[in-house]
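Below is a colleague's note in numbered points, meant to be read beside the model. Please keep the sequence and the coordinates open while going through it.

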Amino acid sequence: MRWLALILCLWMTPALAVEPDEVLADPVLEQRARDISKGLRCLVCRNEHIDASDADLARDLRLLVRERLVAGDSDGEVVAYIVDRYGEYVLLNPPAQGSTLILWLAGPAMLLLAGGGAAVYLRKRRPEAAQAGLSEAEKAELERIINS
Amino acid sequence: MIAELGHFTLILALMVAIVQTVVPLIGAQKGWTGWMAAAEPAAKVQALLIAFSFGALTYAFVTSDFSLRLVVLNSHTLKPMLYKVSGVWGNHEGSLLLWCLILAVFGACAAWFGGNLPATLRARVLAVQGAIGVAFLAFLLLTSNPFLRLEVPPFDGQDLNPLLQDPGLAFHPPFLYLGYVGLSMTFSFAIAALIEGRVDAAWGRWVRPWTLAAWVFLTVGIALGSWWAYYELGWGGFWFWDPVENASFMPWLISAALLHSAIVVEKREALKSWTVLLAILAFGFSLIGTFIVRSGVLTSVHAFANDPERGVYILLILALFMGGALTLFAARATALEAKGVFSTVSRETALVANNVLLTVACFVVFVGTLWPLIAELFFDRKLSVGAPFFNAAFSPFMVALAAILPLGALMPWKRARMGRVMRPLWGALALSLALGALVWTMQTGGRFLAPVGLVLALWIVLGVLAELWTRAGRGDAASRARRLLHLPRADWGKSVAHGGFAITIFGICAMTAWQTEDIRVVQVGETFQVAGYDVTLSDVQEGRGPNYFTTMGVIDLERAGRSIRLTPEKRVYPVARMPTTEAAIHNGVWRDLYVVIGDPQDGGGWTVRTFVKPFANWIWAGCIIMALGGCLSLSDRRHRVAAGARKTRSAVPAE
């Protein structure tokens, strides 16, 4: 459960996510930092982004993000900088390249497949389709009934 | 002594479950009435035995019997009574016992209320239910026995995780389990129908109440969990796309799909094999959820490897039941020939679209949840799949679902004409688009999320109203009102549940897009401004509760002469050696004020976080309304009176 991870995180430092001393004076830069932080994973927690995490490592990462932003990096450069050092694992939003393309395309592909299947089914259930034609035996039977 | 009795009745229950599985199955096959009749008393006795066992464990927790290993690990004499009781299911062994209890109680309910089912179907349903019971009782007794004693009992226990000592979370697992296990009933019905080779309108009618009940419980359980996260975790997040959350969300999506496709089976005798497949998958996802939560496989592959016993056992149960069920399905599905025909524009088609969207959405969640595991196993990449992925990949399906909902709800069965369906809806469409555009231009910072949410929510709600208006027919106000009041409860349930869905969508979008956040260091007595509120940290007090120490901030918020006092806390639970934050929240219809007190600072003063979260409560209010809609539909007399109507039914009802 979620709290198992939380025990770990909370136990390490009872501080809470973004601390006032981290916040940048420039609100635009700070907003960019927050948006970037929400896509980066706290490596010692479970499925928590660094913006909400209480762990020391998350704080280090938040400070690093802000340092790079102040140094004039673009958002993409900041993320690339972090990924270089901490690996792909740090990204909560896996980039759609290589084998991860499968992940991103799985949904749309399944939708096409399911939609196609549904379309075939719906065609079969149309009144015209369902009533289309009698078999030879049925025609003969009908003939017999009408003529008799 | 009582613990041993509980242990003993649990073993007895396993024996009874074996009888409940084997005897009625043979009886139904051979047509022996006596053997078939064994199912009912067996189901009832099994439920009673497990209930006794559960009672024994609860007794051990209430009396703090520290000779039981489980009680030592999860309880403490100083704990409040509510949490001593909820401690029973706040751990692996106890929660599995609860799982078995609910499973058996559902079986007993089928025995009690299933009086008008055909004898063979009832026997088979109960037998399948018994088989699931056998698997889980054996799992409980072999790998996670809650009644193990300690040779040298300690003086006191090790306490329950403080985060779990909370009313929201005390009742979250039982509701979730009621939902998970409720889906076992639909599974049993599906398997029984496959064995019989017969699925008809009556079968659809019998399955619907169970699905509805399970879905209602899941809705409430998920809402409770998300509400707990909102006020307990200290920053007001309410959904994290955590594997454990996804584990409960996937059965919800599938059961929502099943709910809708079972209607097509009941009214139109189409979509039969698809509905049976959904019933199997719904329980399959419940089992997968149990596997994810109980094995810890997704936290880390290594955690799983360290203690693989439990995970492997659940995987075996999953493989056995899903493998068996799907094989049976493959062999028999062709026998379930559909009868009803309908044109491409019809309510049937709309419900097929609903099913496609819900199941594919569930598939996306499934793949996203398992992807880190797949990537590590097959591609040797260690990566994370988090909220940004799910938000991007999952949301479009919900948008599409919301967009087609009013159309589908207004379409007649068999054959619809787009022009007629849209006639009462043009106004709703125009009004919701206009209001969405208005909000988009008015809000500062052009985020698209809130207007889209508003348009979808209004479109659904106005669509529901338009539907009720057309159902009210013609004539004066009095006759319209009379007709409305006499609509079947199931129809009201549908309208209410759809309205709740809209409210939840709007709440999520509005709160995410419009919340204000403020973090700063505040001296005692200092005042600052957040979103039009004057916020004052009036005092900070130290104190102690029954089993914790607390630091409590007294914060006054004032706006337009109206003052609100909030007292956020930081608690330390000495036994578990764990701090928690207790946010103070002022709930309102239009906004929540959410205040958290943090650490004392070196230069004096305290960290204070203030959030203003507009429409936060609408998220959970929507869930509750959805659940209420489900209950309304469940109370429809058709589910009770006409339940045995397989033989007497002469024609397909028009509505």
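1. Conventions. This is a predicted model, in which local features need pLDDT of at least 70 and side-chain atom pairs count only at pLDDT 80 or more, while totals for chains, interfaces and linings use all residues. Residues are numbered from 1 along each chain as its sequence is written, and chains are lettered from A and ligands numbered from 1 in the order in which they are written.

2. Helices H6 and H7 of chain B. Helix H6 (residues 92-113) of chain B packs with H7(B) at an angle of about 165°, and their axes are 10 Å apart; helices here are DSSP runs of H or I with at least four residues, strands are runs of E with at least two, and both are numbered from the N terminus. The axes are lines fitted to C-alpha atoms, for helices over the stretch in contact, and the angles run from 0 to 180 degrees between N-to-C directions. The angle makes H6(B) roughly antiparallel to H7(B), given that angles over 145 degrees count as roughly antiparallel, under 35 as roughly parallel, 65 to 115 as roughly perpendicular and the rest as oblique. Residues of H6(B) including B:Leu96, B:Trp99, B:Leu103 and B:Phe106 meet residues of H7(B), among them B:Val125, B:Gln129, B:Phe136 and B:Leu140. The residues of this contact of H6(B) with H7(B) divide into 16 nonpolar, 4 polar and no charged, where Ala, Val, Leu, Ile, Met, Phe, Trp, Tyr, Cys and Pro count as nonpolar, Asp, Glu, Lys and Arg as charged, and the others, Gly among them, as polar.

3. Helices H1 and H7 of chain B. The axes of helix H1 (residues 2-30) of chain B and H7(B) come within 7 Å and cross at roughly 150°, which makes H1(B) roughly antiparallel to H7(B). The crossing of H1(B) and H7(B) is left-handed. From H1(B) the contact includes B:Leu10, B:Leu14, B:Thr21 and B:Ala28, and from H7(B) it includes B:Thr120, B:Arg124, B:Val134 and B:Leu141, where two residues are in contact if their C-beta atoms, placed from the backbone, lie within 7 Å. By class, the contact of H1(B) with H7(B) has 17 nonpolar, 6 polar and 1 charged residues.

4. B:Asn145 is found in the loop between helix H7 (119-143) and helix H8 (167-170) of chain B. Neighbours within four places in sequence aside, B:Asn145 is in contact with B:Glu93 and B:Leu140. B:Asn145 and B:Glu93 are 52 residues apart in sequence, with a C-alpha to C-alpha distance of 6.4 Å. B:Asn145 is partly exposed because 15 other C-beta atoms lie within 10 Å; a residue is buried with 20 or more such atoms within 10 Å of its own C-beta, exposed with 12 or fewer, and partly exposed in between, with C-beta atoms placed from the backbone.

5. Backbone points to check. B:Glu269 has a positive phi of about 55° although it is not a glycine, and B:Glu269 lies in the loop between helix H11 (243-268) and helix H12 (272-295) of chain B. B:Glu269 counts as partly exposed, with 19 C-beta neighbours inside 10 Å. B:Ala560, also a residue other than glycine, has a positive phi near 50°; B:Ala560 is placed in the loop between strand S4 (549-559) and strand S5 (562-566) of chain B, and counts as exposed with 7 C-beta neighbours inside 10 Å.

6. The interface of the chains. The contact takes 49 residues from chain B and 43 residues from chain A. On the side of chain B that touches chain A, H15(B) gives the most, with 12 residues. By class, that side of chain B has 30 nonpolar, 14 polar and 5 charged residues.

7. Chain A. The secondary structure of chain A comes to 7 helices and 0 strands, and buried residues make up 32% of its 148 residues.

Notes: A crossing is left-handed if the near helix is turned anticlockwise from the far one by less than a right angle, and right-handed if clockwise.
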